[in-house]
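Good morning, colleagues. Please look at the structure on the screen while I describe first one chain and then another.

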Amino acid sequence: MSSSCGAPEQGADIQVGANEVVLTGKVRSEGGPVGGAFVRLLDASGEFTAEVVSSADGDFRFFAAPGTWTIRALHRSGNGQASVNAEGPGVHPVEVAVA
Amino acid sequence: MSREDVLVSAAWSEENLNTPGVVFVEVDEDISAYDGGHIPGAVKIDWKNELQDPVRRDFVDREGFEKLLSAKGISNDDTVILYGGNNNWFAAYAYWYFKLYGHDAVKLLDGGRKKWELDGRPLDKEPVERAKTTYTAQEQNLALRAFRDEVVDSIGNKNLVDVRSPDEFSGKLLAPAHLPQEQAQRAGHIPSAINVPWSKAANEDGTFKSNEELAEIYGEAGFDGSRKTIAYCRIGERSSHTWFALHELLGHEDVKNYDGSWTEYGSLVGVPVELGSGKEA
């Protein structure tokens, strides 16, 4: 168990538990993957749920619950967001473009 | 207390990087963040290895805190500016900790690393050496710290502010959504607690909302300004952020942080636990 509230390394391989809902993907801009972006998970009502920093390759990952989520990325080069509908357990890919 | 007594802006900070008597300290949950680039001249405090007792679940004692600050080159007369990642969670935790040991001249950099990075302000990897000092700490100010028995006794008569996400509060999740959900203790919240996620106090860029906005947010959630208050989360750092908003920004006088938080309370035998979204305000 991690006693920290720090996120594990983004983009690392993980074992997904049978009941876990994982939202994962990359932050991109026209120039390629964007590392160091602040990636925020917002619930269906737009309420903040969690935040991670994208890895050097732009990767991010959240452990969520079934539902519709918005993923919003902030970076000094620009902001952007995308939505993802996670109907059940498993890995749900999503890409976020910032400009 | 005015906002300027407890918060500094990123712009002020950049102008005061070399001001004598001002020490910048980065506190992160991710200890590699500092090494990848920090505010020029800032020293690092590792919240886990330097602020926690290595064996028992407790803080370093007074003597340990004195040794730590002496080694970091921080003196009793210095103004300490704390900042960190994750919207200043651990910087706010360290702020509370500095206050607990009686260091009054401490402020948070509003927005922390996030605001600094979004502004495109400078970071460097230069090693920072500060001359050692002889720091003297006070005994812990327990007016700021709640323990489990007091928390149980506070059910129904103090403001219990649960600052975790709604899904953690209701019992759907045991940890924030960016973490694996592997804890074994019971889910839910302390009966009579109101749920005001820490994030309600912060803007998207990590800075604190205005006092007017904060007063409205807590008021709408059922916060009673005439009652004493205990804030808690999972391990006590997100609730430090809310403790800062309630005690330092809004000026509520009797506000404690319960650092045992849900990882302690949710493992206690026999205490009441409530599930669901709780009582409507």
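Along its sequence, chain A reads β-β-β-β-β-β-β-β. That comes to eight strands and zero helices, where helices (H or I, at least four residues) and strands (E, at least two) are DSSP runs numbered from the N terminus. This is a predicted model, in which local features need pLDDT of at least 70 and side-chain atom pairs count only at pLDDT 80 or more, while totals for chains, interfaces and linings use all residues. Residues are numbered from 1 along each chain as its sequence is written, chains are lettered from A, and ligands are numbered from 1, in the order in which they are written.

Let us turn to the sheet. Strands of a sheet pair through backbone hydrogen bonds, either parallel or antiparallel. In chain A, four strands form an open sheet in the order β4-β3-β6-β7, with antiparallel pairing; two strands count as paired if DSSP finds at least two bridges between them. Its edge strands, β4 (48–53) and β7 (78–86) of chain A, each pair on one side only. Within chain A, strand β3 (residues 38–42) and strand β6 (residues 67–75) pair in the antiparallel sense over five bridges. There, A:L42 stands opposite A:T70 in β6(A).

How much of chain A is buried? Of its 99 residues, 36% count as buried, that is, 20 or more other C-beta atoms lie within 10 Å of the residue's own, with C-beta atoms placed from the backbone.

I now move to chain B. Its domain assignment gives domain 1 (3–140) and domain 2 (144–265); such bounds come from an automatic or database domain assignment. The centres of these two domains of chain B, taken over C-alpha atoms, are 23 Å apart. In chain B, 21 residues of domain 1 are in contact with 17 residues of domain 2, contact meaning that the C-beta atoms, placed from the backbone, lie within 7 Å. Which helix gives the most to the side of domain 1 of chain B that touches domain 2 of chain B? It is α5(B), with 10 residues.

Helix α5(B) also packs against helix α10 (residues 238–249) of chain B, at an angle of about 65° and with the axes 7 Å apart. The axes are lines fitted to C-alpha atoms over the stretch in contact, and angles run from 0 to 180 degrees between N-to-C directions. Among the residues making this contact are B:W89 and B:W96 of α5(B) and B:W243 and B:F244 of α10(B).

Thank you for your attention.

Definitions and conventions:
Two residues are in contact if their C-beta atoms, placed from the backbone, lie within 7 Å. A residue is buried if 20 or more other C-beta atoms lie within 10 Å of its own, exposed if 12 or fewer, and partly exposed in between; C-beta atoms are placed from the backbone.
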